[in-house]
Amino acid sequence: MGLRVAHMGRISEDFARRLVGHPMVERVLHPALPSCPGHEIWKRDMGRSSGLFSLVLKPVDEAAMSAALSALRVFAIGASWGGTRSLVAPQAVAQDRTATTWTDPGPLLRISIGLEDPDELWADLGGLLEVLAQAPASKAA
């Protein structure tokens, strides 16, 4: 189990760093990134990552998001974190927030890295972002 979690953590950190600054990504929420809220606490208490992180995307319309998710071939759509299969789960965060208001304009994707080949996962994630990049932007994502 330790080897599995270490592998997934390394891949998630690598992907998070590579996604910072991508034209379709508003921000990356991964505790290993200094820009992520809670990074200092993560660094003090953990120092190692799991395979779970999130992307806040640029605004896109629902049809574009649906097409991008449908184009995935390696990632499955789902919300069971910590398994061996890589998953993506679109989240409707704004409507569920009660303590603080969600202010990011675009959709949120929760990503859980599994044990598939990292190059295949990266290509699949890149394909999702490419589909989104070709779609018209929307203020109501």
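## A walk through the helices

In helix 3, the buried residues are Ala64, Met65, Ala68 and Leu69, where buried means under 20% relative accessible area, exposed over 50% and partly exposed in between, with a 1.4 Å probe and protein chains only. Looking down the axis of helix 3, you find these buried residues within an arc of 130 degrees, so they line one face of the helix. The arc is that of the directions from the helix axis to the C-beta atoms. On the other side of helix 3, Glu62, Ala63 and Ser70 are exposed.

Before going on, a word about what you are looking at. This is a predicted model, in which local features need pLDDT of at least 70 and side-chain atom pairs count only at pLDDT 80 or more, while totals for chains, interfaces and linings use all residues. Residues are numbered from 1 along each chain as its sequence is written, and side-chain values use heavy atoms, with hydrogens and water left out.

Now step back to the whole protein. There are five helices and five strands; helices (H or I, at least four residues) and strands (E, at least two) are DSSP runs, numbered from the N terminus. Starting at the N terminus, the order of elements is α-β-α-β-α-β-β-α-β-α. Of the 141 residues in the protein, 41% are buried. Contact means heavy atoms within 4.5 Å, and among contacts between residues at least 6 apart in sequence, 70% join residues at least 24 apart.

Back at helix 3, what covers its buried residues includes strand 2, strand 3 (76–77), strand 4 (87–91), strand 5 and helix 5. Ala68 is buried, with a relative accessible area of 0%, and it touches Leu128, Val131 and Leu132, leaving out residues up to four places away in sequence. Ala68 and Leu132 are 64 residues apart in sequence, yet their C-alpha atoms are 6.2 Å apart in space.

That leads us to helix 5. Helix 5 has 16 residues and reaches 22 Å from its first C-alpha to its last, close to the 22 Å expected at 1.5 Å a residue; the expected span is 1.5 Å times one less than the number of residues. Its buried residues are Leu121, Asp124, Leu125, Leu128, Leu129 and Leu132. These cover an arc of only 135 degrees around the axis, which puts them on the same side of helix 5. An α-helix has 3.6 residues a turn, so residues three or four places apart point the same way. The face of helix 5 turned away from its buried side carries the exposed residues Asp119 and Ala123. The buried residues of helix 5 pack against helix 1, strand 1 (25–29), strand 2 (52–57), helix 3 (62–70) and strand 5 (108–112).

Finally, look at helix 1. The axes of helix 1 (residues 2–19) and helix 5 (residues 118–133) come within 12 Å and cross at roughly 35 degrees. Axes are lines fitted to C-alpha atoms, for helices over the stretch in contact, and angles run from 0 to 180 degrees between N-to-C directions. On the helix 1 side, His7, Ile11, Phe15, Arg18 and Leu19 meet Pro118, Leu121, Trp122, Leu125 and Leu129 in helix 5. Ser12 also lies in helix 1 and counts as buried at 0% relative accessibility. Leaving aside neighbours within four places in sequence, Ser12 is in contact with His30, Ser49, Ser50, Gly51, Phe53 and Ile113.
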